[in-house]
Amino acid sequence: MRTRLARLGTALAALVAFVAAPAVTAGPAHAAAQWNPPAHLVQPLNEVWNHVESTYPDLYGFRNYGWDQVMANRGSVNYCVRWESDAPVSAALRDQIHAALKKQFGKWTAAMVEADGTGHNAWPYTHVPVNVVGWAVKNRSTLQWTDNSVDIYTGNLDGGGAARHYDQSLWLTKGFQGGAGGDWGQWVGQEYFTSALGQEGIQVYLHEVGHTFGLDDFYDWTPTGQCCFLMKAGSAAQITEFDKWMLRDFWRHLKGRYGL
């Protein structure tokens, strides 16, 4: 489910320590260079971008896409895990959640790397580290570890820390069905995420990260020749070729704001 831009409102905005994006140059003017999608994807990709341009209210003016966060951090992203559950979290479970988060987020950024190991279309990073810098929880006793590897926020789940800022939150909520995603992070069920830690792809989370990077939902239409892809909810379990090229298309239309 796409929650584009600030759709969840100011309560969610409090989760994000806003990272200012670099100075902006016009996005569309730089869009044509180094664009080489497979021939069979050209038409559906054009359809998607035309739809995005006609439906997003502030497509080029918005400054906190996942792209902006990675660029502002010079190639990394910081997370806080928001644990909205009374289920205890051992140090082992914590570490498994961190590992899964890093692996799954990395599937999207890996899509920006060419087979020869270079960044696609001036994308400057071949690897984007994910740093989990905090956990937010109602009761400290829920977290069954004593080390200080991450900051812990208790009582105020919308609290944040400026010194060790986080760009996104992974909301894990007991009993929550489905998912939501945007510039603030991703929201999925606690039971769902922890039960999927051993899977190659955590489908709902991956879909929501796509929204963090600006990708749209496809509830009411399907691009020409495309039946099954991750951003068409429920039709694919992994990032497909079409998802990858939609991601790359979003980048090519934004990269000009970074002078690339």
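**Cavities and helix packing**

Reply: Happy to! The count comes to 3 cavities of 30 Å³ or more. A cavity here is a set of points on a 1 Å grid over the protein atoms alone where a 1.4 Å probe fits but cannot get out. This is a predicted model, in which local features need pLDDT of at least 70, side-chain atom pairs count only at pLDDT 80 or more, and totals for chains, interfaces and linings use all residues. Residues are numbered from 1 along each chain as its sequence is written, and side-chain values use heavy atoms, with hydrogens and water left out.

Me: Which elements give two or more residues to the lining of the second largest cavity?

Reply: The lining (residues with an atom within 4 Å of a point) consists of Val 48, Trp 49, Val 52, Gly 214, Leu 215, Asp 216, Met 246, Asp 249 and Phe 250. Helices are DSSP runs of H or I with at least four residues, numbered from the N terminus. The elements that give two or more residues to this lining are helix H2 (39–55) and helix H7 (241–254).

Me: What volume does the second largest cavity have?

Reply: A volume is the space filled by probe spheres set on the grid points, which are joined across faces, edges and corners. For the second largest cavity that comes to about 50 Å³.

Me: Why are H2 and H7 described as they are, by orientation?

Reply: Their axes, lines fitted to C-alpha atoms over the stretch in contact, are 10 Å apart and pack at an angle of about 55 degrees. Angles run from 0 to 180 degrees between N-to-C directions; under 35 counts as roughly parallel, over 145 as roughly antiparallel, 65 to 115 as roughly perpendicular and the rest as oblique. H2 and H7 are therefore oblique.

Me: Which residues of H4 make the contact with H6?

Reply: The axes of H4 (residues 91–110) and H6 (residues 203–212) come within 10 Å and cross at roughly 50 degrees. On the H6 side, the contact (heavy atoms within 4.5 Å) uses Tyr 205, Leu 206, Val 209 and Gly 210. From H4 come Leu 101, Gln 104, Phe 105, Lys 107 and Trp 108.

Terms used: 1 Å grid on protein atoms, 1.4 Å probe; cavity = no way out; pocket = protein on both sides within 12 Å on 5 of 7 lines; lining within 4 Å.
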